[in-house]
Amino acid sequence: MPLRPILKYPDPNLKRVSAPVSNVDHRVLSLLEDLVETMYHAPGIGLAAPQVGTLERIIVLDVDKELGGVGLIKLINPEIVAREGSTVFEEGCLSVIGFTAEVRRASKVTVRAWTPEEKEVQFEAGGLFAVALQHEIDHLDGKLFLDRISSLKRDLYRRRLKKWMREGFPEELTAPSSSL
Ligand code: NI
């Protein structure tokens, strides 16, 4: 079960829409295991298949129960079927180096998905769990949290990133452990 390299913005694969999974076969199950291992290793609390360059609708999350989560979950073809309320959370992404920003999202979502056991599930989520689900499902639609902040902030980050790519990344750059 190898770790997979995580694509970083501005990799064009992060902007592509992922395809639904039609068959939970051995390949999909081993991709799920790799995603879990890669997420924990990063470390992060969520990871979507397109972040490792596989354009399929698969996500894994591990949000603590105290933050509204259920521990480790693996979801196939997840879909938000209802959203409610509004909340702002400081998000970081494993595919976005050295940047976090406050993002406004629904505070409660209802998600329908398939489990690796090919069981259809529907559940409600709140708190950080709801934020994480929306962030990961965005990845499946080729969206990053950068697409949900002001163009001014996004532009500042782009310029900073270009400078780092030219002159080298600062050594003290660390991602928050709640990266998605
Ligand atoms: Ni992310």
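Rings of Phe, Tyr and Trp count as a pair if their centres lie within 6.5 Å. In this predicted model, such ring pairs link Tyr9, Phe99, Phe145 and Tyr157 into a cluster. The structure holds 5 aromatic pairs. One of them joins Tyr9 and Tyr157, with 6.1 Å from centre to centre and 35 degrees between the planes, a tilted arrangement. This pair links distant parts of the chain, since Tyr9 belongs to the segment before α1 (26–41) and Tyr157 to helix α3, 148 residues apart. Both Tyr9 and Tyr157 are buried.

Phe123 and Phe129 also form an aromatic pair, in this case stacked, with a centre distance of 5.9 Å and an angle of 10 degrees between the planes. Phe129 has a relative accessible area of 2% and is therefore buried. Phe123 has a relative accessibility of 21%, so it counts as partly exposed; the cut-off for buried is under 20%.

The metal site comes next. The nickel ion takes its protein donors from Cys93 (SG), His135 (NE2), His139 (NE2) and Leu180 (O), at 2.1 to 2.3 Å. The angles among these 4 donor atoms run from 86 to 132 degrees, and the site is tetrahedral. Along the chain the donors follow the spacing C-x41-H-x3-H-x40-L. His135 sits in helix α2 (residues 127–140) and Leu180 in the segment after α3 (151–167), so this pair ties together parts that are 45 residues apart in sequence. His135 and Leu180 are both buried.

Cys93 lies in the loop between β4 (87–92) and β5 (100–105). Its relative accessibility is 2%, which means that Cys93 counts as buried. Leaving aside residues up to four places away in sequence, Cys93 touches Gln51, His135, His139, Phe145, Ser179 and Leu180. Among these contacts, His135, His139 and Leu180 are also donors of the nickel ion, while Phe145 belongs to the aromatic cluster. Between Cys93 and Arg16 the C-alpha distance is 17 Å, with 77 residues separating them in sequence.

The strands can be followed from β3. Strand β3 (residues 71–84) runs antiparallel to strand β6 (residues 108–114), and 6 bridges join them. In this pairing, Ile80 stands opposite Val111 in β6. Strand β6 also pairs with strand β7 (residues 120–126), again in the antiparallel sense, over 7 bridges. Here Thr110 has Glu124 in β7 as its bridge partner. A hairpin is formed by β6 and β7, with 5 residues between them, and Glu118 in the turn has a positive phi of about 60 degrees.

Technical notes. Residues are numbered from 1 along each chain as its sequence is written. This is a predicted model: local features need pLDDT of at least 70, side-chain atom pairs count only at pLDDT 80 or more; totals for chains, interfaces and linings use all residues. Side-chain values use heavy atoms; hydrogens and water are left out. Donors are N, O and S atoms within 2.8 Å of the metal (3.2 Å for Na, K and Ca); water is not among the atoms, so sites may look incomplete. Four donors count as tetrahedral if all angles lie between 85 and 135 degrees; four count as square planar and six as octahedral if opposite donors are over 155 degrees apart and all others between 65 and 115; anything else is irregular. Helices (H or I, at least four residues) and strands (E, at least two) are DSSP runs, numbered from the N terminus. Buried means under 20% relative accessible area, exposed over 50%, partly exposed in between (1.4 Å probe, protein chains only). Two strands pair if DSSP finds at least two bridges between them. Contact means heavy atoms within 4.5 Å. Rings of Phe, Tyr and Trp (its six-membered ring) pair if their centres lie within 6.5 Å; planes under 30 degrees apart count as stacked, over 60 as edge-to-face and the rest as tilted.
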